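How do the parts of a protein model touch one another? Take a look at the model below, then read on.

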Amino acid sequence: MVTEPSRTKVLEVRDLSIAYGAKTAISGLHLDVFENEIFGIIGPANSGKTSFLRAINRMDAFDSAMKVRGSLRFMSTEVASWRNDYALRRQIGVVFPLPVGLPMSIYDNVAFAARLRGVRKKQQLDEAVERCLTRAALWDEVKDRLDSLGSQLSGGQQQRLTIARALSQEPTLLMLDEFSIAVDPVTTMRIEDVLKELKQEMTIILVTNLVQQAERLADRTAFFLNGELVEIGETEHLFNGQTKDQRTTDYLEGRFG
Amino acid sequence: MTARFAATALNLSNYRAEKRYRLMLFSMTAMLVLPVLIILSILVIRGAPMISFEFLFEFPRAGMTEGGIYPALLGTIFIVLVDLVFAMPIGVAAAIYLSEYAPDNWLTRAINLAIINLAGVPSIVHALFGVGAFVIFFQFGTSILAAALTVAIMTLPLVIVATRESLQAVPHAFREACWSMGATRWQTIFTVILPNAISGILTGLILEVSRTAGETAPIMFTGAAFFLPFLPESVFDQTMALSLHLFVVSTQVPNVPEALPFGVALVLIGIVLIMNALSIVFRSYLRGKKKW
């Protein structure tokens, strides 16, 4: 594994296992995510990518069937030991595979996180909404109809709205779970450009089905298969054929199965 | 070479079967509407001539064979209002707990089963429970309060089931999106779930009003009187009620003009229909405002 001890670790995962009832989703996961990197996770369906993200922001607290074991440290603190897991989630932005525009106005969607933090001043909220929508490349399209329903935007716009909403949390860590599934290629490229800029300010975990997307964006990439981490490395090296495991090579070259 | 389309025998028989099933299902549905139409039209034809300002706002006279239904009308409204004060908050709160908080374990399943069973208990049994619990044990006496509480317990499942179903109709993705932003369960419920479940909660409210206004057995031992020459002054007084009054003038009092019971029934149904109409208006207004 490539490690750079000098860099700050946002996530330290040691021997992490996740199970839903009798079904194991992840076993023996061991990896680090560093500050200000885009960390790509690739792998076929059922490889445990989404479960891993859900463990990071403690969604197991809402799902009694989901059991997490092992060590998962976020900003040097064990996530399970955060006394207030809501505060933990406020530091972690999540973008889901299918866009979720909450059934409230565009403005309220983006102001939601700020309001949760206790911001009440109209001016502060206005600024936050404009800033986040601008960064998510959506401001120009919606600035004249901030009062209309977020759930009535087109799929691509809703996904950018979701990203704006995640940014409004001012997150330390942004997790994107196959964000481009319901988005057209042009919008996807625009969002990818946004992500490259955001990397300066936050750490990004990018789960993707598109191998090329990981190649374009990720600094390092991990390959998950059937709940196990097969290989992790500098994206450049992996895509140059410097893989340690034949399965990674097969997957990257589309010769899988 | 384009193959010409020709319907096979199987195609044709499928098509005919489709038509048959459609007709059968439609006629079943029509049979459902028919009794409602018949009841309503008989009530309107025979009861409408009774309806007048005096009928609605005067006391019964001459052994309830003349005069109006004012105390019964007012009594039913009182019972419904007091009932709503108890049934709505408890029912909605229970539904929120069961839908949003309760873990899926044996206790929750037992509670759900109990709610279904509560709805299945005969109303006369609820009436006797009301006498024992509210009239005697809590010493409310035969009163509006005792009657309303008895009906509230009986009709709680309506509110709970209607509310719970409307809460569960709100897509789970909304909850996950809120939670992942650091919202607590309650913040999620209050800002996203409840506003989108409001029409289902209104349905529960309407069902509750209709049932409460119409129930006779649970209130006749606990708070509704045969005849009272005065109006109730507090919730601890007895009252007349439309449903019981209808029963009384139909079967218990001699020499009642034939149209009188129809008039009473028409007013009773009128209350329910007006509530329904109001809720439909309110719901379509809400739907115009919000929808995903």
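The model is predicted.

**Chain A meets chain B**

In this interface, 18 residues of chain A are in contact with 17 residues of chain B. Two helices of chain A, helix 2 (85-90) and helix 3 (106-116), each supply at least two residues to the side that touches chain B. Helix 2 of chain A gives the largest share of that side, with 4 residues.

**Two domains in chain B**

Chain B is assigned domain 1 (13-50) and domain 2 (53-289). Their C-alpha centres lie 28 Å apart. The two domains touch: 7 residues of domain 1 of chain B are in contact with 8 residues of domain 2 of chain B.

**Two packed helices in chain A**

Two packed helices are described by the angle between their axes and the distance between the axes. For helix 3 and helix 4 (residues 122-135) of chain A, the angle is about 110° and the axes are 9 Å apart. Helix 3 of chain A is therefore roughly perpendicular to helix 4 of chain A. Their crossing is right-handed. Helix 3 of chain A brings Tyr107(A), Val110(A), Ala111(A) and Ala114(A) to the contact. Helix 4 of chain A brings Leu125(A), Ala128(A), Val129(A), Cys132(A) and Leu133(A).

**Residue classes**

Here are the residues by class.

| Side of domain 1 of chain B that touches domain 2 of chain B | 5 residues | 1 residue | 1 residue |

Key: Residues are numbered from 1 along each chain as its sequence is written. Chains are lettered from A and ligands numbered from 1 in the order in which they are written. This is a predicted model: local features need pLDDT of at least 70, side-chain atom pairs count only at pLDDT 80 or more; totals for chains, interfaces and linings use all residues. Domain bounds come from an automatic or database domain assignment. Ala, Val, Leu, Ile, Met, Phe, Trp, Tyr, Cys and Pro count as nonpolar, Asp, Glu, Lys and Arg as charged, and the others, Gly among them, as polar. Axes are lines fitted to C-alpha atoms, for helices over the stretch in contact, and angles run from 0 to 180 degrees between N-to-C directions. Angles under 35 degrees count as roughly parallel, over 145 as roughly antiparallel, 65 to 115 as roughly perpendicular and the rest as oblique. A crossing is left-handed if the near helix is turned anticlockwise from the far one by less than a right angle, and right-handed if clockwise.
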